Amino acid sequence: MILSAERIRLDAKPESKDEAIRQAAQLLVDTGAIAPAYVESMLRREGEAETYLGDGIAIPHGQRNDRNLIHSTAISVLQVPQGVDWGEDKARLVVAIAAQGDEHIEVLRRLTEVLGDSALAERLATTRDPGLILRTLDPDAAPAGAPAPAMPPAASLEASGEGFSIGVQAPGAAGLHARPARALAGIAKRYDAAVEIRHGERRADAKSMISLLQLGAGANAQLTVTAHGPQAAEALEAVRAGFVAGLGEGDDDHAPADRAPEAVAPVAEEGAIAGLPASPGVAIGVIFRHRSESAGYAETAADPAAERAALDGALAEAKAELRQVAADMTTRIGAKHAAIFGAHEEFLEDPELLADARMRIEKGASAPAAWDGATASRAEALVALGDPLLAERANDLKDVSRRVLRRLTGASGDPDISVPLPERAVVVAEDLTPSETAGLDPMRVVGLVTAAGGPTAHTAILARALGIPAIVAAGPAVMELPDGTPVIVDGDRGLLRPDPDAAQIAAAEKAIASGRDRAAAAKAAAFRPAVTRDGHRVEVAANCRKPEEAVEAVAAGAEGTGLVRSEFLFDDRAEPPTEDEQFEIYRKLAEGFGGLPVVLRTLDAGGDKPLRFVRHPAEANPFLGLRGLRLCLANPALFRPQIRAALRAAKHGDIRIMLPMVDGLADLRAAKALIEEERRALIAPPVEVGIMVEVPAAAVMADQLAAEADFFSIGTNDLTQYTLAVDRLHPTLGARSDALDPAVLRLIDMTVKAAHARGRWVGVCGNMAADPVAAPILVGLGVDELSVSIPNVAALKAQIRGLSRTEAERLARTALNCATAAEVRALPVAREMAHAA
């Protein structure tokens, strides 16, 4: 145990912070964990930066260069009920840390949970029972096999003839889809100004969510925002700030509940109906065919005033109903997924939609006909854009339309299924709206199957959040199955098996139990290292952007961060961030990871990701232009401050510098010379300098690059599109951009072999690392580190622990000799290892 009863002292009364640190450190000296000289190292470290966390908790620790003074990883706790001054705060629980490795990370995680519970922090600061402190903080304190104690959760503006204008970039995850469009409309509505968004030749009223969706602005699309009116300048600044903050988007938007499963063609199986996997898991139940309600109405009306009043009343009732649905769903699945219904409410307030409906009433339409016509025309326009994601948002608009129509026509006020559901119902429908999905009783519904729809629809997202296995796009055959037909829903593979035999039912029951156990085990073992069954360790890190994500990443079991995207500091600004501004962010990241590796990618901008304060040349193909390291070397006044900030922050943790878009030795040598020049000027300690392998030339020249780079990190997103000459966001060719294409795998293999020949480590930080089919192949190719989004860390570590390296190597060799990515994904061993956890 790294914390024991003899390392806890209650009711201490130190007169100063220094004395408190000495007393806490002495507990470690007395128990043989550290040499006495490490006490002074802790005091020196405190002089560099305070270690006060909050809620009366401080975590003094020594300087990195003095780790040789630590005999074994340990912590001690000095309880000071009356408190001792710690800067502007008072510390009542002084937790001294001496860490050789990462064994203390679980303690840090538990401390962050204490920070979220002031009552618990108070009990720990005043208890007379050292056992309470021991049980709360030490992951090994409980008897073998006992569960850990439950813890509570812790510009400038440009003037134009149309008013003021700014340039912004659509969010990088999925562009200007429902959530960011709603956030943008909410911002614009706060100001007395007309705000317009332009994307190419298309224009949209920023206060109209539907109009914004019709722009069809995909990921990272360049947009122009103009405003005029009394508060035009204020509105633009607020819009700019909204885009900088991501309009409600973030890395967690790629969490498992949001992310659609891989759209892989299922293995043909006699008697099974094949669709697309939309929500993982297996279920056994009976068919229940959903019947969507429809209500008739008169097309015309003679009294426009009465129809306007009826429409206003129905809108108000629908709005109140949506708020109740959102509140109920927040309780069931959390606020993030319940926000779908907040977006629905935004439809009810859309100025263009309401104006259209009222205009139709003035021309003689009844309220139901006017509303139905206005919403239908906009839904058809979204479908006509040819974007599957926007087509699915059209389904949301139809959902809202039906809700209001029910109020106008006197139909049932609830979208719930009117016929009683059988036990273990598998609901089958042509398609389901989000409201219909939310209205299902999860105590009786075990699966969902739709003939139409897609895996990124809100219905599929809700199914994943609710934990209901689901299949979409299964075709008309599913609608022909009679009610009561026994079926097995395989949401992992996208297969519906009608009338299964006893062997199939037994296999499904085993899969259900296995999946449940796997998820629970992965979460419980998040802090165990990812070591294969035959003893090979793979580091699993998290991709991060901001310092506040460090604690979350560590709490998820991450062993550092394999990719810090520094672009967020530079994006959508009139001037670049200062050196000191960058230093503060990098320092906080280093300290947040507590000595674990922090791989900082230098500015990756230019070309398709332009900066407002840099003069970019006109480029016919920005993907092949001045971007990444090329841009930085061409703008040393931009590059040097970032390098100085990173070198200064390296004194506070294990920061490593990673250079993007390296295509050969010339740029690497130029960058290393600049870094060394700045390091000597700062008298800073050396840091590792590595490169991203995302250009095929870097993979081909990896043997030479490995002689001068300290490490490689493979950016599989760009490497794939550069290798296959396919834009992964291309509307028709995007599906070809698969990192499991043997051409990409062979470049990865070449890179790993060249790096290992020089004693260099290799990581993968692209989406490929989180693909359960790809991860075993990467392990088999010899990749040393996988860096994924925070929610994927625990599951990936569990999957690796279930692998055999020898078998993974055999799989990798087979994959290298396949002809296509589809062949790789269809390998039976690949599918088996995808569920190795």
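1. Eight-strand sheet. An open sheet of 8 strands runs in the order β11-β18-β17-β13-β14-β15-β16-β12, with mixed pairing. Two strands count as paired if DSSP finds at least two bridges between them. Strands (E, at least two residues) and helices (H or I, at least four) are DSSP runs, numbered from the N terminus. The edge strands here are β11 (273-274) and β12 (276-279), each pairing on one side only. Within the sheet, β17 (residues 486-490) and β18 (residues 495-498) run antiparallel and are joined by 4 bridges. D490 has L495 of β18 as its bridge partner.

2. Basis of the model. This is a predicted model: local features need pLDDT of at least 70, side-chain atom pairs count only at pLDDT 80 or more, and totals for chains, interfaces and linings use all residues. Residues are numbered from 1 along each chain as its sequence is written, and side-chain values use heavy atoms, with hydrogens and water left out.

3. Confidence. pLDDT is the predictor's confidence in each residue, from 0 to 100. The protein chain has a mean pLDDT of 82, and 81% of its residues reach 70 or more. Over residues 250-267, pLDDT stays under 50; the model has 53 contacts beyond four places in sequence for this stretch. Contact means heavy atoms within 4.5 Å. Residues 413-418 also stay under 50 in pLDDT, with 14 contacts beyond four places in sequence.

4. Five-strand sheet. A second open sheet, of 5 strands, has the order β1-β4-β5-β3-β2 and mixed pairing. Its edge strands are β1 (8-9) and β2 (52-54), and each pairs on one side only. β3 (residues 57-58) and β5 (residues 89-98) pair in the parallel sense over 2 bridges. A58 stands opposite V94 in β5. Helix α4 (residues 118-126) lies across β4 (74-86) and β5, and runs at about 75° to β5. Axes are lines fitted to C-alpha atoms, for helices over the stretch in contact, and angles run from 0 to 180 degrees between N-to-C directions.

5. Hairpin. Strands β8 (residues 194-199) and β9 (residues 202-205) run antiparallel and share 4 bridges. R198 stands opposite R203 in β9. The hairpin has 2 residues between the strands, and G200 takes a positive phi near 65°.

6. Helices α20 and α21. α20 (residues 636-649) packs on α21 (residues 665-682) at an angle of about 55°, with axes 10 Å apart. That angle makes α20 oblique to α21. The bands are under 35 degrees for roughly parallel, over 145 for roughly antiparallel, 65 to 115 for roughly perpendicular, and oblique for the rest. In α20, F639, R640, I643, R644, L647 and R648 meet A671, L674, I675, E677, E678, R679 and L682 of α21. The residues of this contact divide into 7 nonpolar, no polar and 6 charged. Ala, Val, Leu, Ile, Met, Phe, Trp, Tyr, Cys and Pro count as nonpolar, Asp, Glu, Lys and Arg as charged, and the others, Gly among them, as polar.

7. Helices α26 and α28. The axes of α26 (residues 774-781) and α28 (residues 805-816) come within 7 Å and cross at roughly 100°. That makes α26 roughly perpendicular to α28. P776, I777, V779, G780 and L781 of α26 make the contact with A808, E809, L811, A812, A815 and L816 of α28. The residues divide into 9 nonpolar, 1 polar and 1 charged.
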